[in-house]
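Here's a quick tour of one protein for you. Have the sequence and the 3D view open, and follow along as we go.

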Amino acid sequence: MGAKVAVLMGSRSDLPVLEKCFETLKEFGIEFEGRVLSAHRTPEEAAEFARSAERRGIKVFICAAGMAAHLAGVMASFTTLPVIGIPIASEPFNGIDSLLSMVQMPPGIPVAVVSAGKAGAQNAALLAVSIIATSDSGLSARLKEYRERQKAKVLAADKELSQSLEMK
Ligand code: RP5
């Protein structure tokens with residue numbers, strides 16, 4: 001079939017943050033490709049990747065980057081595919097720099113920015129699943145089941161806490 005989601009990171013140092021993203025895409029059986037491509041250090045390669053993505057069957061981009069985090073915006077400038085940005089925390093501003101870079105796209109070229117860091121990595125994968133599920137009813141059903149399992153866990157924790165407090 002080929003990859004449907006492109007997961008890009010600005011540096012190899014971003015990889016540990018993306019574990020949950022890969023795990024979540026695998027959980028839903030979504031084929032993906034992962035690349036280290038930098039908007040600043042490898043601009044030609046990044047542009048070529050973005051330009052060729054649609055004809056290679058990619059449906060969604062996920063771009064993680066820190067510091068002057070331009071990767072998501074640069075990818076979005078070369079493709080009309082949806083682009084999701086994950087702000088990565090890095091020195092010296094702890095991710096505020098990457099967050100502000102990503103949420104300040106000028107009008108006309110959108111980037112959907114998720115939570116910073118590991119929570120964002122998971123949410124980016126789930127958002128990519130949601131986008132692909134708009135034309136895949138089986139995937140949509142699996143996403144609804146995922147939500148139900150999540151709900152059941154919270155309700156179980158709530159019940160357990162209530163019971164333990166009653167015993168005191
Ligand atoms: C960004 O600069 C990367 O996305 C990374 O988060 C940050 C630091 O990169 P390294 O110096 O660790 O390669 O481009």
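In which helix is Ser52 found? Look in helix 2, which covers residues 43-53. Before going on, note that this is a predicted model, where local features need pLDDT of at least 70 and side-chain atom pairs count only at pLDDT 80 or more, while totals for chains, interfaces and linings use all residues. Residues are numbered from 1 along each chain as its sequence is written, and side-chain values use heavy atoms, with hydrogens and water left out.

**The overall picture**

- The protein has 6 helices and 5 strands; helices (H or I, at least four residues) and strands (E, at least two) are DSSP runs, numbered from the N terminus.
- The C-alpha trace spans about 65 × 40 × 30 Å along its principal axes.
- Of the 168 residues in the protein, 41% are buried. Here, buried means under 20% relative accessible area, exposed means over 50%, and partly exposed is in between (1.4 Å probe, protein chains only).
- Take the contacts (heavy atoms within 4.5 Å) with a separation of 6 or more: residues 24 or more positions apart account for 66% of them.

**Helix 2**

- Ser52 counts as buried because its relative accessibility is 8%.
- The side chain of Ser52 makes a polar contact with the side chain of Arg56, at 3.2 Å. A polar contact is a pair of N or O atoms within 3.5 Å; within protein, one must be able to donate a hydrogen and the other to accept it, and residues adjacent in sequence count only if both atoms are side-chain atoms.
- The buried residues of helix 2 are Ala46, Ala47, Phe49, Ala50, Ser52 and Ala53.
- An α-helix has 3.6 residues a turn, so residues three or four places apart point the same way.
- What covers these buried residues? The cover includes strand 1 (5-9), strand 2 (32-36), strand 3 (60-66) and helix 3 (71-78).
- Pro43 also lies in helix 2, but Pro43 is partly exposed, with a relative accessible area of 35%.
- Pro43 and Leu71 are 28 residues apart in sequence, yet their C-alpha atoms are 9.2 Å apart in space.

**The pocket and the ligand**

- The largest pocket has a volume of about 310 Å³. On a 1 Å grid over the protein atoms alone, a pocket is an open set of points with protein on both sides within 12 Å along at least five of seven lines, and lining residues have an atom within 4 Å of a point. Grid points are joined across faces, edges and corners, and the volume is the space filled by probe spheres (1.4 Å) set on the points.
- This pocket is lined by 18 residues, and Gly10, Ser11, Arg41, Gly66 and Met67 lie nearest its centre.
- The lining divides into 8 nonpolar, 8 polar and 2 charged residues.
- Around the ligand (a heavy atom within 4 Å) you'll find Gly10, Ser11, Ser13, Asp14, Arg41, Ala65, Gly66 and Met67.
- Ser13 has a polar side-chain atom 2.6 Å from an oxygen atom of the ligand, and a polar side-chain atom of Asp14 also lies 2.6 Å from a ligand oxygen.
- For Arg41, an N or O atom in the side chain is 2.8 Å from an oxygen atom of the ligand.

- Most residues other than glycine have a negative phi, and most peptide bonds are trans.
- Met67, in the loop between strand 3 and helix 3, has a positive phi of about 60°. Met67 is partly exposed, at 46% relative accessibility.
- Asn94 has a positive phi of about 55° and lies in the loop between strand 4 and helix 4. Asn94 is exposed, with a relative accessible area of 58%.
- Pro92 lies in the loop between strand 4 (83-88) and helix 4 (96-102), and the peptide bond from Glu91 to Pro92 is cis, with omega near -5°.

**Helix 4**

- Leaving aside neighbours within four places in sequence, Ser98 is in contact with Ala65, Gly66, Met67, Ala69, Pro87 and Ile88.

Conventions. Ala, Val, Leu, Ile, Met, Phe, Trp, Tyr, Cys and Pro count as nonpolar, Asp, Glu, Lys and Arg as charged, and the others, Gly among them, as polar.
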